[in-house]
Every structure is written in C-alpha cells, then in structure tokens.
Amino acid sequence: PTEQLDFTDLERGTDFFTSQDTQSAVAKKGEKVHLLIEEERWQELTQEFTTPELGLEIVGRLRAALDAEKGQEFKEVGFEVPFSRDEALVGVMDRLVLADDGKTIHVTDYKWTGSPRSPKKLLEHYLLQLQLYAWAALKMTEATKVTARLIHFTAGTIEIIEAPADAFHKRDLEKIAADHFKLAVKLLFNQSKAPIDLAQPGDHC
C-alpha cells in the first residue's frame, strides 16, 4: 500500500496560539469563506466582514487579484502525487491558474485568521505548504515555472502576499519535497506505518 503524506490545505482558518474554541470558530469561518469564493458568491461574501461597505471593498480587491492572473483556472484541485512507488503527497489546492503559454502555473492559497498577522509571519508559517503545492503543481502539468501567493483575510482586512520567487526554483522544490517527506516519516510514522496527517487542530481539508 502507498504511504500518504496528507498535506491537504493546512489551516484554512486559524488563529495562532489561541484556545481550541477560538480555533474552531475561526476554522468554520475560514471554511465558509473558501466555499463562497469557490462558488463565486460574491454578494454573500461581502457579508462575512466587519461591515457591508468594507466587505464590498475587500471582495473588489479579491476579484481584481484573481482576474489579474490570466489563463486556465482550476478550483479546489485535489491531487495525489507520488514521491516514489510507495509514497505520495495528497491534498487540495485552493486555486491554480495555468498561463496561456502552458509554461507557468500560479498557485493561490486562501487563509482566514481571527486577527491580523504580518506578511512575514504568514510566509514563515506557510511557505513550506506553498512549496509543496508548487512541487505538486509542476508534477501535474508541463509547466516549468511556478509562482505562489497567499490571500489572507481577517474580518476587516485582505492582504495579497506574493511568495519570494527564489523559493520556487524547480530543482530546489524537488529537494524540499524529498527532504520534507523523509523528515515527516521519521518524526510522525509509527511502527504500523499509518498514514501521516499533518493537519493541526482546527484545520480543514
């Protein structure tokens, strides 16, 4: 049987270092926001923010950011990409856009947190996830270049955070994926070789 490293969209909604009840509430909110974006229910999405007026502004910025990426769009992309004959990375990416030239693929991941976080802190927390998504996206397509970003929401803010391009060189991604899987197996697999689940409390797949 294939050993699966389940890296399915860690922490769609989370608030770092908060109580379990708060984590659960924020996670539910994040899950709802993801669904509204996926189904393009923009008017309903505006109601999820502090005021309808602020919601209109945030949703307007979101749609502009999404429209700026030209190409073939894929939403909620499930994947199972082999590391080897017996090992695979599985998950769901929020959004992929394959550029018209077929050579570049854009990865977007949505995050909702209960309070503002600096772009630096968010990238520190989620860069590995983006890199593994990027690795999987390259394996799934004929693209040779990948870009990645977080779109981060709170009840009153939106931030579009571009990940540094030098973190996504194809050769480096291969090594990152291999090293991460080896480390995860070493730390998290038990003697029965049960599948790894890296999701934390309050995460949603």
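Leaving aside neighbours within four places in sequence, His-106 is in contact with Glu-69, Arg-95, Leu-96, Val-97, Ala-99 and Thr-147, where contact means heavy atoms within 4.5 Å. This is a predicted model, in which local features need pLDDT of at least 70, side-chain atom pairs count only at pLDDT 80 or more, and totals for chains, interfaces and linings use all residues. Residues are numbered from 1 along each chain as its sequence is written, and side-chain values use heavy atoms, with hydrogens and water left out.

His-106 sits in strand 4, residues 104-112; strands (E, at least two residues) and helices (H or I, at least four) are DSSP runs numbered from the N terminus. His-106 has a relative accessible area of 16%, so it counts as buried (buried is under 20%, exposed over 50%, partly exposed in between, with a 1.4 Å probe and protein chains only).

Now the salt bridges. A salt bridge is a side-chain nitrogen of Lys or Arg within 4 Å of a carboxyl oxygen of Asp or Glu. By that rule there are 12.

One of them pairs Glu-69 with Arg-95, with the closest N and O atoms 2.8 Å apart. This pair links distant parts of the chain: Glu-69 is in the loop between helix 3 (52-67) and strand 2 (72-84), and Arg-95 is in strand 3 (residues 87-98), 26 residues apart. Glu-69 is buried at 14% relative accessibility, and Arg-95 is buried at 4%. Salt bridges with shared partners join Glu-69, Glu-73, Arg-95 and Arg-149 into one network.

Another salt bridge joins Glu-44 and Arg-41 (2.9 Å, N to O). Glu-44 is partly exposed at 40%, and Arg-41 is partly exposed at 28%.
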